[in-house]
Amino acid sequence: KKESLRGAVPLSHFYLRQVVRPGDLVLDATCGNGFDTLLLAELAGEGGQIWAFDIQPRAIAATRTLLEREGRLAAVHLLEVGHERLAEFVPAGLAAAVFNLGYLPGGETSLVTDPVRTVSALAQAAKLLKSGGILTVALYTGHEGGPEEAQAVHEWGASLSPREYNVWCSRQLNRPPVAPYLVLVERIRGGSC
Ligand code: SAM
């Protein structure tokens, strides 16, 4: 069922539903409570493969519990590893990569994504996208360090070649400036890299 497009995460899900097909390879760089991983697992199906990273044991446990309950664990590689190491585990050919930044809702607010690791992971994931594949980044600026991380993501996005990637920024104009927003990257079909 279609979600209301209220906020960055539902907007990312809207795009993921357009792009991810059964059998696809996909990545969740910050699995948290597992909601994005579950959507990816549903879209990629039993023939797909999903790599899901988080540094918090309780996030990995929460994601495992959700996927088990929904019968979607089999196709998912759950990794208690920082996403800055993702290229060691994930092959090329991704249809989608999802980054939902910030901290785990209801969790330890000090265990937050940080600009250096985030940009490293984004660069790795963008290289692993197949032609037509997308990368979504939900950005939060309301917590300490959030504006700096958003700035780093903007600089990274702006540095990508327009011949190889389309890079978008979507904000809700009728919500406060600190509302979460979405950066969307598409690897152009037939791009030169
Ligand atoms: N996608 C999740 C969901 O659907 O529930 C929410 C993700 S939450 C906003 C951000 C997550 O990023 C937290 O669970 C946090 O532990 C994780 N995180 C922080 N630094 C990380 C890193 N270097 N590598 C992987 N995950 C990280």
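Biologist: Where is the place of Asn166?

Modeller: In this model, which is predicted, Asn166 sits in strand β6.

Biologist: What does Asn166 touch, if I skip residues up to four places away in sequence?

Modeller: With those set aside, Asn166 touches Glu186 and Ile188. As for another pair, Asn166 and Leu94 are 72 residues apart in sequence, and their C-alpha atoms are 16 Å apart in space.

Biologist: Let me step back to the whole protein chain: how many helices and strands are there?

Modeller: The protein chain has five helices and seven strands, and, read from the N terminus on, these elements follow the order α-β-α-β-α-β-β-α-β-α-β-β.

Biologist: Of the contacts between residues at least 6 apart in sequence, what share join residues at least 24 apart?

Modeller: That share is 73% in the protein chain.

Biologist: Which residues come nearest to the ligand?

Modeller: There are 22 residues around the ligand, and those that come nearest are Thr30, Gly32, Asn33, Phe35 and Leu104. By class, the shell around the ligand holds eight nonpolar, ten polar and four charged residues.

Biologist: You mentioned Thr30; how far apart are Ile55 and Thr30 in space?

Modeller: Their C-alpha atoms are 8.3 Å apart, although Ile55 and Thr30 are 25 residues apart in sequence. Ile55 itself belongs to the loop between β2 (49–53) and α3 (57–69), where Ile55 is partly exposed, with 16 other C-beta atoms within 10 Å. Not counting residues up to four places away in sequence, Ile55 touches Gly82 and Leu111.

Biologist: Switching to helices, why is α2 described as largely enclosed by the rest of the structure?

Modeller: Helix α2 covers residues 35–44, and eight of these ten residues are buried, so the helix is largely enclosed by the rest of the structure. The buried residues are Asp36, Thr37, Leu38, Leu39, Leu40, Ala41, Leu43 and Ala44. They pack against α1 (8–19), β1 (25–28), β2, α3, β3 (76–79) and β4 (94–100). Just after α2, Gly45 takes a positive phi of about 70°.

Biologist: And α3, which residues are buried there?

Modeller: In α3 the buried residues are Ala59, Ile60, Ala62, Thr63 and Leu67. Viewed down the axis of α3, these buried residues fall within an arc of 165°, so they line one face of the helix. The face turned away from the buried side carries the exposed residues Pro57, Glu68 and Arg69, while the buried residues of α3 pack against α2, β2 and β3.

Biologist: How far apart are the end C-alpha atoms of α3?

Modeller: They are 18 Å apart, which agrees with the 18 Å that the 13 residues of α3 should span at 1.5 Å a residue. Just after α3, Gly71 takes a positive phi of about 70°.

Biologist: Last one: where is the place of Val112?

Modeller: Val112 lies in the loop between β4 and α4, and Val112 counts as partly exposed, with 17 C-beta neighbours inside 10 Å. Leaving aside neighbours within four places in sequence, Val112 is in contact with Gly102, Tyr103, His143 and Gly145.

Note on methods. Residues numbered from 1 in each chain as written. Predicted model: local features only at pLDDT ≥ 70, side-chain atom pairs only at ≥ 80, totals over all residues. Near = placed C-beta within 6 Å. Nonpolar A, V, L, I, M, F, W, Y, C, P; charged D, E, K, R; others polar. Helix = DSSP H or I, 4+ residues; strand = E, 2+ residues; numbered from the N terminus. Buried ≥ 20, exposed ≤ 12 C-beta atoms within 10 Å, placed from the backbone. Contact = placed C-beta atoms within 7 Å. Expected span 1.5 Å × (residues − 1). Arc of directions from axis to C-beta.
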